[in-house]
Every structure is written in C-alpha cells, then in structure tokens.
Amino acid sequence: MHSRPPRPSLEPLALRTSELAATLLRGEARKGPGHSEHFLARTLRLEGPEQDRAMRLYHHSALLREVLCQQMKDHKEERAAIALGDPDDDKRPCAHVIVTRRGIFVTCLSASMSVDDAALLSYQPLQEAMDRTDAQQQAALRRKKQLPLLSAEALAEALSAGPGHVHREMVEILEMEPQTYLIAVSRAFFRALAQAGRYEEMRAKYGLQPEIWKKLCRLEGTVTLCFYLFGAMDETLITEMLCIYLDHDGPNLNDVAVSLSRHKGGARPLLEICQKTSSTPVRRACYGGALLHALRHPKAMPDLLSELRKVPPPGDEARTRAMLSLLDELWGVNREAPQAPWFIDPRQLEVFLSRGVRAMLPLLPEVADPTWLLTADEHREHALRRLPVSAMFPRKEIASGVKAAWDRFLRTTQMPV
C-alpha cells in the first residue's frame with residue numbers, strides 16, 4: 001500500500017480537517033495533552049478558507065500560545081475570539097476560533113454565532129508569525145539537503161582557489177538556500193581582501209614583481225566571485241555591506257552594482273548614490289544597476305522609473321530615455337496579468353529584448369568575468385534576462401578549461417607598468 005505524500009504546511013487543509021473530524025466523531029481520536037476532540041469536531045461548522053485558517057492555527061498551537069501571550073496583555077477577558085475572515089474584507093461577518101488566555105483551543109463558531117464576552121483578535125498577526133515560522137522550517141529542510149551536497153568548507157576552499165574552482169553545480173546548490181553559505185563566502189571574501197592588502201604593501205616596498213602581480217590577480221578573481229554570490233544572498237546585512245563598496249570607483253564597482261540590483265532593498269542605495277555622487281563611473285554603474293533592479297523586481301518598477309527620470313542620465317540621453325520608455329511599456333503590458341503578484345511574461349521579455357534593447361546594453365554595468373564564459377554584452381544580456389547567478393559560472397565538465405584559461409592569462413598577459 002502506497003503512503004500518501006505529506007502535504008506542504010501552506011496548502012489548503014480542508015480535506016485533512018474533515019477526515020480528522022470524522023475520525024473524532026467515530027470515537028477513534030488520539031488522546032493526549034492539547035488535543036481537543038471538541039474543537040476539532042466543531043471545525044465541521046466551517047468551510048473553505050475559514051476552515052483552513054482554523055486548522056492552521058491548530059497545527060501552530062505552540063506559536064499561538066506565544067503570540068497570544070502578547071496580544072492578551074491589554075485584555076482582561078479569559079477567552080479570545082480569533083476572526084477567520086478575509087483580512088481585506090473585515091466588515092463581512094466571519095467565523096471565529098475560541099481559545100483561552102493560555103492558548104487552549106475551545107471551539108469554532110460560525111459567522112452567525114455570537115462570541116459573547118471573548119476578546120476579539122485579528123488573524124493577521126498570527127498569520128504573519130506562522131508564515132515566518134513555516135519559512136524558517138522550510139529553510140532548515142533546504143539546509144539539511146544542501147550541506148551533504150556541498151559543505152561550507154568546500155565552497156570556501158573553492159572560492160579561495162579562484163576562478164575555475166567554483167562551478168555552476170556548486171552555485172545551484174547554494175541558490176537553494178543562499179544564507180546557508182553566508183559565513184563561508186564572507187570568510188573567503190574578507191580573507192582575500194586582507195591578503196590583497198598585504199601584497200599591496202609588498203608591491204609598495206619591492207615594486208610590482210611577477211609573483212606579486214599574479215597573486216593580486218588571483219585574489220581579485222576570488223573577490224569578484226564572492227561579489228557574484230553576494231548577489232544571491234538577499235539579506236539586509238549583505239545589502240548594507242555592498243553599499244560600502246559601491247560609493248567609490250574601485251575595480252569591482254560594476255560587480256557591486258549588479259549584485260545590489262538582485263536585492264529587494266538595493267534600489268534605494270543605488271538611487272541615492274546615483275543622485276549624490278560626482279564620479280561619472282559610479283553614477284553610470286548605479287544608474288545601470290537601478291535599471292536592472294526594475295526588471296528583477298517588477299512590483300517596484302513604476303516608482304523606480306519615476307525616480308530615475310529625475311536623475312540626469314550618465315551617458316547617452318536618447319538611449320536612456322528609450323530604455324525607460326520600453327520599461328514603462330513592459331510594465332504596462334504585464335500589470336494586468338492574472339497571476340498574483342504580477343510578473344513579467346517570458347514572451348513579453350523576449351519582445352522587450354528584441355526592440356532595440358541590445359543596442360542599449362552599454363547603459364548597463366560591465367561586470368568582471370573571472371569565469372571566462374561571456375563577453376561584456378553577453379553578461380549584460382544575461383542580467384536583462386534575469387537569469388540566476390549560477391548561469392554565470394562554468395559547468396563542472398568545463399571548469400578545468402576555465403582554470404587553464406586563467407593560468408594562461410597570468411602567464412602570457414603583460415604586467416601593468
């Protein structure tokens with residue numbers, strides 16, 4: 001007999017509720033603390049989304065007790081009535097879950113039944129808390145799956161070894177839950193920066209010797225790879241760190257701008273620096289990064305395009321205005337899409353790319369390429385297509401070729417004077 005696969009915690013629970021309630025009515029319920037036969041039987045009064053919400057509360061009973069402790073501080077009642085209606089339609093009568101101050105489930109009341117003297121509470125704070133808890137649990141499951149496939153130590157060693165040692169399959173594992181490897185990538189990044197500082201001191205003391213130059217090139221390659229991966233780690237801490245490296249014309253300026261364009265919170269620093277900087281390269285990188293952000297985060301596109309029109313274009317004004325107009329049109333086509341939240345349809349994106357956008361690629365940042373896979377314009381088009389970070393890395397079977405190309409570059413390229 002095949003076992004039924006477990007349902008994700010956020011899926012509708014109506015069927016499971018009905019089956020459990022029917023079992024309880026037959027007298028076959030499992031006994032134990034906190035398992036209220038009366039409450040579960042009363043869920044049969046509910047249906048649809050209200051039943052789903054009631055059962056979701058029941059399956060998060062420990063979290064409910066924690067949140068309820070805070071919500072009931074301002075109430076003297078011994079019981080609470082949690083509204084199960086649509087949060088966007090709070091004037092419509094709805095069912096309620098009745099719980100005690102200590103979070104013990106009592107019963108379910110349909111929309112036509114009175115809650116008497118129970119304290120009325122909103123479902124919204126509980127939903128937000130449950131969403132966070134479910135997200136944390138899902139992230140923990142992904143981490144449990146990730147680490148046997150790619151340890152944090154293995155990724156840090158590959159990054160320190162430089163280009164050709166980090167391949168696409170490794171980054172695809174990282175993208176399952178990027179924060180799993182935040183410490184490993186950060187450690188490789190700051191170690192490379194520290195070593196580069198020491199070699200710069202040696203360069204100042206002994207001049208640019210071949211070995212010093214090669215080592216600096218390898219360390220710069222590691223730093224660039226780390227910036228790529230930071231783009232996949234949409235965390236406030238990483239966003240703030242990237243801003244530190246954005247406000248000056250350094251060798252990785254464009255890499256930082258492209259990484260920030262992937263972060264939900266990246267638009268504001270890109271715009272602010274674009275408006276205040278006196279450096280043309282910095283303004284160009286930030287402006288291009290903001291254009292990419294509009295494509296990657298389409299819900300923020302209208303406000304972002306409005307702000308970009310207030311900033312003097314850093315390059316060809318005609319090209320810039322044309323790009324903004326095309327983005328406006330792309331947003332207008334997709335905002336009425338039936339999906340929620342709305343998205344950029346892949347077919348519309350292809351139309352967008354075919355309508356002269358390739359001629360506007362110089363408006364976008366030119367990232368460094370330690371992977372030896374793409375030309376500058378191919379990197380820019382890769383960003384326009386909103387491809388994941390992993391697509392910028394070589395597959396495992398050709399990674400050895402990237403290593404060879406990098407070594408050949410170091411052997412044959414003339415050192416700067």
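1. A cavity here is a set of grid points where a 1.4 Å probe fits but cannot get out, and its lining residues have an atom within 4 Å of a point. In this predicted model, the count comes to two cavities of 30 Å³ or more.

2. The largest cavity holds about 60 Å³ of space, and its lining is made up of Val258, Arg262, Leu292, Leu364, Pro365, Val367, His379, Arg380, His382, Ala383 and Met392. Helix H17 (residues 376-384) gives the most to this lining, with four residues, and by class the lining has seven nonpolar, two polar and two charged residues.

3. The second largest cavity holds about 40 Å³ of space and is lined by Phe227, Tyr228, Asp255, Val258, Ser259, Arg262, Val367, Val389 and Met392. Helix H9 (210-232) and helix H11 (253-261) are the elements that give two or more residues to this lining, with H11 giving the most, at three residues. The lining divides into six nonpolar, one polar and two charged residues.

4. Strand E1 (residues 79-83) runs antiparallel to strand E2 (residues 96-100), to which five bridges join it, and Ala81 stands opposite Ile98 in E2. E1 is also joined by three bridges to strand E4 (residues 119-121), in a parallel arrangement, where Ala80 has Ala119 as its bridge partner.

5. On confidence, the chain averages a pLDDT of 81, and 84% of the residues score at least 70. Over residues 4-15, however, the pLDDT is below 50, and this stretch has 16 contacts in the model beyond near neighbours in sequence. Residues 23-35 also have a pLDDT below 50, with 14 such contacts.

Note on methods. Residues numbered from 1 in each chain as written. Predicted model: local features only at pLDDT ≥ 70, side-chain atom pairs only at ≥ 80, totals over all residues. Heavy atoms only, no water. Pairing = 2+ DSSP bridges. pLDDT = per-residue confidence, 0-100. Contact = heavy atoms within 4.5 Å. 1 Å grid on protein atoms, 1.4 Å probe; cavity = no way out; pocket = protein on both sides within 12 Å on 5 of 7 lines; lining within 4 Å. Points joined across faces, edges and corners; volume = space filled by probe spheres on them. Nonpolar A, V, L, I, M, F, W, Y, C, P; charged D, E, K, R; others polar.
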